[in-house]
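Please consult the sequence and structure shown below while reading.

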Amino acid sequence: MGARPARIPASHARRGWLRSAARIIALSIAIGLLPGCGATASPSAVPASTRAHVPSATPTSTPADTPASFCDAQDTPIPGAASALANDQLNLPNLTAVKQAWFQMYATMVPACSEITPNPLPVQTKNLTGGQVTDAALATWVQLDSTLWALWEWAGQHAQYDFMRFLLPTGNNVTAFIEQGGKVVDETAACEYPIKVYAMIITADEMSEFTGARISTPGVAYALTWAGPCITEWTSATGQVTDYPIGAGQEYQELEITETKTAPALGDYLEMEASVNSSAGADVASILAESGV
């Protein structure tokens with residue numbers, strides 16, 4: 001999967017950077033640790049990035065144009081965006097509405113529509129929240145999650161590390177790897193999109209643990225499963241290629257915590273608050289096992 005947000009140290013609530021299933025308070029839970037598509041852990045040698053832009057206030061409404069209109073026939077660079085972001089300059093004059101919308105999310109180009117249009121696999125869903133999340137809300141979340149991974153895949157292939165941090169403010173190894181000149185590609189949709197999504201309740205303590213104490217209320221966590229065979233390919237700035245596969249007959253699980261937000265170019269989208277897998281600790285492993293995902 002276009003390099004799943006890499007996990008953060010377990011002490012900070014896993015999904016800070018890799019991928020590894022509340023009350024819906026407009027908040028979903030994603031805890032993932034592995035790179036690429038929730039396939040395998042990303043290179044441990046990649047240091048976490050220390051620089052992170054702080055997004056400006058998120059728009060509360062979308063423009064008359066539909067989000068689908070906020071993309072181009074091909075990837076289109078935004079003039080001056082890269083140097084502006086490098087110097088923490090968050091305003092650029094004379095941009096078109098489309099380019100401005102993407103620059104506000106710290107992207108240096110407008111993506112091709114074909115690259116950010118989700119093409120997910122059939123997904124099995126289960127609502128284990130006891131009614132705290134409706135089936136319709138779960139279906140909507142699954143759609144938004146598919147868009148998230150399509151965006152993440154595009155960003156991982158086009159050096160869009162600042163945009164990745166817009167989607168995952170805490171950052172992770174994937175973002176750091178991309179910032180250092182790397183490229184992460186899911187070679188098939190099987191690595192990019194999950195085949196199972198189960199919604200379940202987690203406690204306030206679990207929420208606090210998984211999000212590094214940034215969120216400390218009960219919530220809804222989403223347990224996800226990716227199935228092999230598939231390969232996520234990491235190519236470093238020096239050209240070294242490392243493959244992270246999920247073998248035939250094997251699965252990879254991860255727990256995700258998200259918040260639904262709105263931006264002009266995307267409409268509603270998921271911001272990843274945490275994403276962890278069972279390697280993050282016994283609590284995550286127990287929740288994933290309990291979910292049955």
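## Strands, disulfides and a cavity

Strands 8 and 9, the latter covering residues 241-246, pair in the antiparallel sense over 6 bridges. Strands here are DSSP runs of E with at least two residues, helices are runs of H or I with at least four, and both are numbered from the N terminus. Two strands are taken to pair if DSSP finds at least two bridges between them. The model is a predicted one, in which local features need pLDDT of at least 70 and side-chain atom pairs count only at pLDDT 80 or more, while totals for chains, interfaces and linings use all residues. Residues are numbered from 1 along each chain as its sequence is written, and side-chain values use heavy atoms, with hydrogens and water left out.

**Strand pairing**

Strand 10 (residues 251-263) takes part in two pairings that are described here. With strand 7 it pairs in the antiparallel sense over 6 bridges, and alanine 227 stands opposite glutamate 251 of strand 10. With strand 11 (residues 267-276), strand 10 pairs in the antiparallel sense over 9 bridges. Threonine 262 has aspartate 268 of strand 11 as its bridge partner, and the hairpin that joins strand 10 to strand 11 runs through 3 residues.

**Disulfides**

How many disulfides does the chain contain? The count comes to 2, where a disulfide is a pair of cysteine sulfur atoms within 2.5 Å. Counting bonded cysteines along the chain, the pattern is 1-2, 3-4.

| Disulfide | S to S distance | Torsion about the S-S bond |
|---|---|---|
| Cysteine 71 and cysteine 113 | 1.9 Å | 95 degrees |
| Cysteine 191 and cysteine 230 | 2.1 Å | about 65 degrees |

The link of cysteine 71 and cysteine 113 is right-handed. This pair links distant parts of the chain, 42 residues apart: cysteine 71 is in the loop between strand 1 (27-31) and strand 2 (76-77), and cysteine 113 is in helix 3 (residues 113-116). Cysteine 71 counts as buried because its relative accessibility is 11%; buried means under 20% relative accessible area, exposed over 50%, and partly exposed in between, with a 1.4 Å probe and protein chains only. Cysteine 113, with a relative accessible area of 27%, is partly exposed.

The disulfide of cysteine 191 and cysteine 230 is right-handed because the torsion about its S-S bond is about 65 degrees. Cysteine 191 lies in helix 7 (residues 189-192) and cysteine 230 in strand 8, so this pair ties together parts that are 39 residues apart in sequence. Both cysteine 191 and cysteine 230 are buried.

**Backbone features**

Glycine 228 and proline 229 are joined by a cis peptide bond, with omega about 5 degrees. Proline 229 is in the loop between strand 7 (219-227) and strand 8.

Aspartate 88 is not a glycine, yet has a positive phi of about 55 degrees; this aspartate is in the loop between helix 1 (81-86) and helix 2 (97-103). Alanine 213, likewise not a glycine, has a positive phi of about 70 degrees. Alanine 213 is in the loop between helix 8 (204-210) and strand 7, and counts as exposed because its relative accessibility is 53%.

Does the span of helix 4 agree or disagree with what its residues should give? At 1.5 Å a residue, the 23 residues of helix 4 (residues 135-157) should span 33 Å, and the end C-alpha atoms are 34 Å apart, which agrees. The expected span is 1.5 Å times one less than the number of residues. Helix 4 is followed by alanine 159, whose phi is positive, near 60 degrees.

Helix 4 provides the largest share of the lining of the largest cavity, 3 residues. The lining is made up of Pro120, Val123, Val142, Asp145, Ser146, Tyr193, Pro194 and Val197. A cavity is a set of points, on a 1 Å grid over the protein atoms alone, where a 1.4 Å probe fits but cannot get out, and lining residues have an atom within 4 Å of a point. The lining divides into 6 nonpolar residues, 1 polar and 1 charged; Ala, Val, Leu, Ile, Met, Phe, Trp, Tyr, Cys and Pro count as nonpolar, Asp, Glu, Lys and Arg as charged, and the others, Gly among them, as polar. The volume of the largest cavity is about 40 Å³, a volume being the space filled by probe spheres set on the grid points, which are joined across faces, edges and corners.

Terms used:
On a 1 Å grid over the protein atoms alone, a cavity is a set of points where a 1.4 Å probe fits but cannot get out, and a pocket is an open set with protein on both sides within 12 Å along at least five of seven lines; lining residues have an atom within 4 Å of a point.
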